[in-house]
Amino acid sequence: MSDAATTTPAATKPTNNKLPVTVDKPTPYTFDLGLLLASDPNPLNLSSSSPLEPQLASIARDGCQSLINQLLSACPISSTPAGVLLSLPPPQTPLPREKPVPTPKADTKWSQFAKRRGIKPKTREQRRNLQYDEATGEWGRKWGYKGANKAGEDAPIIEVKKAQEEKRMEKGQSVRGDKRREIREKVKRNERKMRSNARREDGRKK
């Protein structure tokens, strides 16, 4: 018996169709390298007999290739320990705002008074709730728990005037409660001013 000769088809190598690096257009692109922008002024000549997506992908590819060519030829390239860096120029195309320019807020009654009197807002250091107590040599709170505004409330002996103490006794009050009542009155007064300012602002917005 004779061996039948078998033939194997030749292995087909995958074709590597490289697209050209240069892009030729009737009208050249305009670039804004600071924004990585390439503008193509040429009209779209799309064929109705061919699929749309491959045609659009080809046009987008040409634009990207032109932008890369322009970046590599016009921008300085430097080598750093972090890698190769390409420095972009400042943007040239002004971009529109996402939202409208905010309108200036109307001055409150306090801000108008502060402008007339030349009162400036407190700095961050001035707003801190700390002050130096020279008597103890330590930093303490200005207000709040164990604040300086509550100094003397827990003193074992408090000097009072006889006439004022008689008036307190008639009202059923004590000298130790005067400071607490004063603080509560300040809090209520500030709350009334805040509500008044809020109503005034609501009236201006309407």
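**Confidence and architecture**

Guide: This is a predicted model. Where pLDDT is low, the predicted coordinates should not be read in detail.

Visitor: What does the chain average in pLDDT?
Guide: The average is 82, and 88% of the residues score at least 70.

Visitor: Which elements have the lowest and the highest mean pLDDT?
Guide: Helix α3 (residues 124-127) has the lowest, at 74, while β1 has the highest, at 94.

Visitor: Turning to helix α1, what does its span come to?
Guide: Helix α1 covers residues 52-74, 23 residues in total, and reaches 33 Å from its first C-alpha to its last. That is close to the 33 Å expected at 1.5 Å a residue.

Visitor: Which residues of α1 are buried?
Guide: They are Gln55, Asp62, Gly63, Gln65, Ser66, Leu67 and Leu71.

Visitor: And what covers them?
Guide: The cover includes β1 (30-32), β2 (37-39) and β4.

Visitor: How do β3 and β4 run, parallel or antiparallel?
Guide: Strands β3 (residues 77-80) and β4 (residues 83-86) are antiparallel and are joined by four bridges. They form a hairpin with two residues between them, and Thr80 stands opposite Gly83 in β4.

Visitor: Why does Ile183 count as partly exposed?
Guide: Ile183 counts as partly exposed because its relative accessibility is 24%, and the partly exposed class lies between under 20% for buried and over 50% for exposed.

Conventions. Residues numbered from 1 in each chain as written. Predicted model: local features only at pLDDT ≥ 70, side-chain atom pairs only at ≥ 80, totals over all residues. Heavy atoms only, no water. Pairing = 2+ DSSP bridges. Expected span 1.5 Å × (residues − 1). Buried < 20%, exposed > 50% of the residue type's maximum accessible area, 1.4 Å probe, protein only. Contact = heavy atoms within 4.5 Å. pLDDT = per-residue confidence, 0-100.
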